[in-house]
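Please work through the following exercises with the sequence and the structure side by side, and try each task before reading its solution.

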Amino acid sequence: MASKSNSTFSVLGSDLSITGDIVASADLHIDGNVEGDIACSSLVQGETSSVKGAIKAESARLAGTVEGSITARELVILKSAKITGDVFYDALTIEQGAQVEGRFAHRDAKPKGAANATAKPELAVAG
């Protein structure tokens, strides 16, 4: 995932466990365990990582375990991911083998009724 050259990047290593919410203006890479909500610009989750809480990000690439809702403009769910919770997205890619238990819903900025259905949700299945 490309990020802006002037943005910062934070890494939570695999030996780290956090209890509490995380709010970051930076891009975030998580390999450890988090019990709490996460809000950031861009999230990359490693295969060994576990998140118990809601995730809100502009873009997210998930490879570990998530127990909670996910809201992202661009969401990539890798084959190693195990997600339990509802997923709200603008653009979605799911690799074959990923496990998701929950509902998928296209994210609407402010729904103004069925007559305003010009934008179509994107769904790509990677294999």
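**Exercise 1.** With which residue does R107 form a salt bridge, and how far apart are the closest N and O atoms?

*Solution.* Before starting, note that this is a predicted model, in which local features need pLDDT of at least 70 and side-chain atom pairs count only at pLDDT 80 or more, whereas totals for chains, interfaces and linings use all residues. Residues are numbered from 1 along each chain as its sequence is written, and side-chain values use heavy atoms, with hydrogens and water left out.

Apply the criterion for a salt bridge, namely a side-chain nitrogen of Lys or Arg within 4 Å of a carboxyl oxygen of Asp or Glu. The partner of R107 is D90, and their closest N and O atoms are 3.1 Å apart. R107 lies in the loop between strand 14 and strand 15 (122–126) while D90 is in strand 12, so the pair ties together parts that are 17 residues apart in sequence. Finally, consider accessibility, where buried means under 20% relative accessible area, exposed over 50% and partly exposed in between, with a 1.4 Å probe and protein chains only. R107 is partly exposed at 28%, and D90 is partly exposed at 22%.

**Exercise 2.** How many salt bridges does a search of the whole structure find, and which residues do salt bridges with shared partners join into one network?

*Solution.* The search finds 4 salt bridges. Those that share partners join E58, R73 and E74 into one network.

D86 is partly exposed at 21%, whereas R103 is exposed at 60%.

**Exercise 3.** Which residues touch the most other members of the largest nonpolar core, and which elements give two or more residues to this core?

*Solution.* A nonpolar core is a set of buried Ala, Val, Leu, Ile, Met, Phe, Trp, Tyr and Cys residues joined through side-chain atoms within 4.5 Å. Of the 25 residues in the largest such core, L28, I38, L43, L62, I70 and L75 touch the most other members. The elements that give two or more residues to this core are strand 4 (27–30), strand 6, strand 8 (55–62), strand 10 (70–77) and strand 12 (87–95).

To see one member in detail, list the contacts of I70, meaning heavy atoms within 4.5 Å. Leaving aside neighbours within four places in sequence, I70 is in contact with I55, L62, L75, I83, D86, V87 and F88.

**Exercise 4.** How many bridges join strand 10 to strand 12, and which residue in strand 12 does V76 stand opposite?

*Solution.* Two strands pair if DSSP finds at least two bridges between them. Strand 10 and strand 12 run parallel and are joined by 7 bridges, with V76 opposite T93 in strand 12. Strand 12 also pairs in the parallel sense with strand 14 (residues 104–106), over 3 bridges, and the bridge partner of V87 in strand 14 is F104.

Conventions. Helix = DSSP H or I, 4+ residues; strand = E, 2+ residues; numbered from the N terminus.
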